[in-house]
Amino acid sequence: MSDRTLINNLSAATLSVWGGEENSLVQGATQVPVVYSAAYDYPDIETWLDVALDRKPGHIYSRNTNPTVQAFETKIRLLEGAQAATSFASGMAAISNTLFSLLSPGDRIVSVKDSYGGTNKLFLEFLPRFNIRVDLCDTTDHEQIEAAVAAGCKVVYLESPTNPTLKVVDIARIAGAGHRAGAVVVADNTFATPINQNPLALGADLVLHSATKFLGGHGDALGGVVCGDPEWVKRIYHYREITGAALDPMAAFLLIRGMKTLHLRIKQQNESALSIARWLQGHESVASVFYPGLETHPQHDIARRQMRGYGGVLSFMLNGGFGAVKRVLPKLRLARRAANLGSVETIAGPPATTSHVECSAEERQAMGIPEGLIRYSVGIEDTEELIADLSQALKFA
Ligand SMILES: Cc1ncc(COP(=O)(O)O)c(C=O)c1O
């Protein structure tokens, strides 16, 4: 099955299962093998040179490319409708390698205040050290973002929906502004996944993921990936070859295996999260619920336009603040209290120990992240049983 056939004819459901695997199977194996080889043998120097100089396909050294890792890259590339992809040891490796390969001292990047905590650290602590100017706009003020982009920038960096307050950015609108300013538009699609949203189809140049989350889906492997325009991906790949932030073949295998059920998991998680968000909205201990699928969500119309489903993560604020969070979380029986999301198990936690653990309380406040928030990543358990669990735990609020 060639890539071309896959792109033209197959749905995301079929691509999740079949995409990217065909060229990696050996000796009749039905599953992609884990290739643990640091380097590759070339008795013929001419062929070795051809592969090394990218004139022929093949592998030289696993910090650069590896057959298992390549199968993972192809699967996600096809799901995102991209021409190229390169992977990383984690989502943060994908984000930092992307930004450091696209930006140079004196450049300016425009992004939003509500990015994931690690990304925000890059913006506030690391990029400025290299004299890269960072302009973080109010995530929901599209006029402000457009004006900041029009003032001139090298990169526009978006995340939608955002972690942990589930704000939604109009990707097509901001990508248009980015292109008018001659910028590269990058979108973090971790929360939506390619099942719910394809930023490249909305105009972004690059889409990236923490594969640790929904792509892998089982909380057992770290990984990251960036997909999109071959010219940009090549530049990022070259930087990653040298920084050495390569994805491990075993992690790639686990991510491939997880992705085979991506479409099923996301379908269930979309449905379950919407039901739970609606239920939480009516609960007396809950001050507000953040979920783009709710008609009351301030950017619901944008979400409806650019997403096919609203994802498996929601967050909610308790009337009793952080004290109530501390009382309720230990009572949940069907949730891991952990700094992760996107897994088959439900996972819950406050921003102070999850998405924004790297930030101080003051920084979280400046970003508008309430301390009394619970981020709730819905697993694939029975929806009614999750609601019953929340119901008994919220009695302690
Ligand atoms: C939206 C988003 N992007 C990136 C990351 C970073 O990914 P990783 O933890 O795999 O480095 C996270 C992690 O939570 C995330 O939620």
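Ile347 stands opposite Ser377 in strand β12. The structure is a predicted model, in which local features require a pLDDT of at least 70 and side-chain atom pairs count only at pLDDT 80 or more, while totals for chains, interfaces and linings use all residues. Residues are numbered from 1 along each chain as its sequence is written, and side-chain values use heavy atoms, with hydrogens and water left out.

Strand β11 (residues 347-349) pairs with β12 in the antiparallel sense over 3 bridges, where strands (E, at least two residues) and helices (H or I, at least four) are DSSP runs numbered from the N terminus and pairing requires that DSSP finds at least two bridges between two strands. Strand β9 (residues 313-318) is also paired with β12 in the antiparallel sense, over 5 bridges. Leu314 has Tyr376 as its bridge partner in β12.

Strand β12 (residues 373-377) is largely enclosed by the rest of the structure, because 5 of its 5 residues are buried; buried denotes under 20% relative accessible area, exposed over 50%, and partly exposed in between (1.4 Å probe, protein chains only). In a regular strand, side chains alternate between the two faces of the sheet. In β12, Leu373, Arg375 and Ser377 point one way, Ile374 and Tyr376 point the other way, and all are buried.

Open space was also examined. A pocket is an open set of points on a 1 Å grid over the protein atoms alone, with protein on both sides within 12 Å along at least five of seven lines, whereas a cavity is a set where a 1.4 Å probe fits but cannot get out; lining residues have an atom within 4 Å of a point. Points are joined across faces, edges and corners, and a volume is the space filled by probe spheres set on them.

The largest pocket holds about 1200 Å³ of space. Its lining comprises 41 residues, with Asp54, Gly58, Thr65, Gln70 and Glu73 nearest the centre. Two or more lining residues come from each of α1 (3-9), α3 (45-52), α4 (67-79), β1 (84-88) and α10 (230-243), and α10 gives the most, with 7 residues. The lining divides into 17 nonpolar, 13 polar and 11 charged residues, with Ala, Val, Leu, Ile, Met, Phe, Trp, Tyr, Cys and Pro counted as nonpolar, Asp, Glu, Lys and Arg as charged, and the others, Gly among them, as polar.

The second largest pocket contains about 350 Å³ of space. Of its 24 lining residues, Met92, Tyr116, Asn163, Ser210 and Lys213 are the closest to its centre. Helix α5 (91-102) and strand β6 (206-210) are the elements that give two or more residues to this lining.
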